Amino acid sequence: MLAHTADQPISGPVQKMELRAPAKINLCLHVIGRRPDGYHDLFSLMCGVALYDHLVLGIGAAENTIQCDHPVVPGDENNLALKAALLFNQTLDRENGILSQPVSIRLTKHIPPAGGLGGGSSDAAAVLKGLNDHYGAPFDRDRLLALAVRLGADVPFFIDQRPALAEGIGERLTPYHGLPAFGVVLVCPDFGISTAQVFGSLNFGLTKSKKKLRYKPFKNGNFSATDHLHNDLEAGVIRRFPVIEKIKKMLLDQGAIGSLMSGSGSTVFGLFEDKEAAGRAAKRLDRPDAWQVFATRLLV
Ligand code: ATP
């Protein structure tokens with residue numbers, strides 16, 4: 001563990017830290033209303049899935065840099081992982097008087113970007129937590145969550161990575177217990193979808209009143225695919241990309257307990273009894289080579 005006070009210069013070798021960052025799916029996503037700041041109030045059951053990006057941090061590098069192997073993911077300060085490192089270091093310098101060290105990041109993407117799987121947000125949370133560990137936990141959980149939400153609405157979820165009901169813009173998290181360890185097939189078609197565009201095209205009509213939630217209330221352990229799988233963003237996305245509906249049907253035809261688009265798409269997931277059942281179904285899917293398919297499980 002290294003912690004340098006502001007008047008101690010840093011020297012020494014670059015310290016390597018390997019991290020993995022899981023994807024998430026939204027088992028339900030209700031959009032409650034648009035806020036004056038342009039964000040939307042949500043109610044969502046979020047859960048991690050065992051599909052991971054890999055990051056290698058070099059702490060004490062010559063400068064802050066990121067190198068990413070994916071062509072559509074930014075390899076500069078627009079990358080959320082580097083944004084997270086810069087925010088962490090600035091906060092450490094300013095608020096804790098600890099002289100932070102520049103970080104080089106090598107990011108290997110396995111989570112398809114712009115797929116509604118939260119890959120960028122998870123990368124950012126992994127960097128915040130990794131750097132916090134490196135400096136001996138100068139920030140408690142609440143301060144980490146406060147930094148996380150400045151990077152994006154989904155980032156706080158990935159600080160704990162436990163199944164949770166998310167409210168507000170996604171930052172108010174209540175742990176949700178008793179979710180079965182479902183197997184999951186993720187089908188990622190050959191296009192990503194911009195989250196901002198999907199939310200931008202939502203129509204709440206002329207009234208400012210909040211939408212009434214119509215679903216069976218969640219109690220720990222009562223998750224039911226029939227009662228709870230629902231995504232308010234799905235119908236609008238299906239109008240633009242009818243293939244989403246087709247994928248849902250393909251998954252149900254292969255025995256999925258339920259199937260839904262995750263977040264703002266484009267990934268569609270199917271829930272299965274366990275990872276083995278998911279693996280068998282994934283093999284049977286008759287789909288174009290350009291789609292990515294993963295057989296995995298919920299992180300419960
Ligand atoms: P959102 O969190 O907006 O719902 P998503 O889960 O659909 O997004 P992400 O994988 O987070 O998808 O990527 C959204 C966009 O963010 C990408 O198209 C990319 O331009 C940008 N981005 C920035 N940093 C990253 C990162 N580390 N990994 C993936 N995308 C990133």
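**Close-up views of the ligand site**

View 1. The largest pocket holds about 1000 Å³ of space, a volume being the space filled by probe spheres set on grid points joined across faces, edges and corners. Here a pocket is an open set of points on a 1 Å grid over the protein atoms alone, where a 1.4 Å probe fits, with protein on both sides within 12 Å along at least five of seven lines; lining residues have an atom within 4 Å of a point. This is a predicted model, in which local features need pLDDT of at least 70 and side-chain atom pairs pLDDT 80 or more, while totals for chains, interfaces and linings use all residues. Residues are numbered from 1 along each chain, and side-chain values use heavy atoms, without hydrogens and water. The lining counts 44 residues, with Ser121, Asp154, Thr195, Ala196 and Ser264 nearest the pocket's centre.

**View 2. The ligand in its pocket.** Have a look inside: the ligand sits in the largest pocket (more than half of its atoms lie within 2 Å of the pocket's grid points). Around the ligand are 20 residues, and Asn79, Lys109, Gly116, Gly118 and Thr195 come nearest (a near residue has a heavy atom within 4 Å). Helix α2, residues 119-134, gives the largest share of this shell, four residues.

View 3. The side chain of Asn79 places an N or O atom 2.9 Å from a ligand nitrogen.

Definitions and conventions. A polar contact is a pair of N or O atoms within 3.5 Å; within protein, one must be able to donate a hydrogen and the other to accept it, and residues adjacent in sequence count only if both atoms are side-chain atoms. Helices (H or I, at least four residues) and strands (E, at least two) are DSSP runs, numbered from the N terminus.
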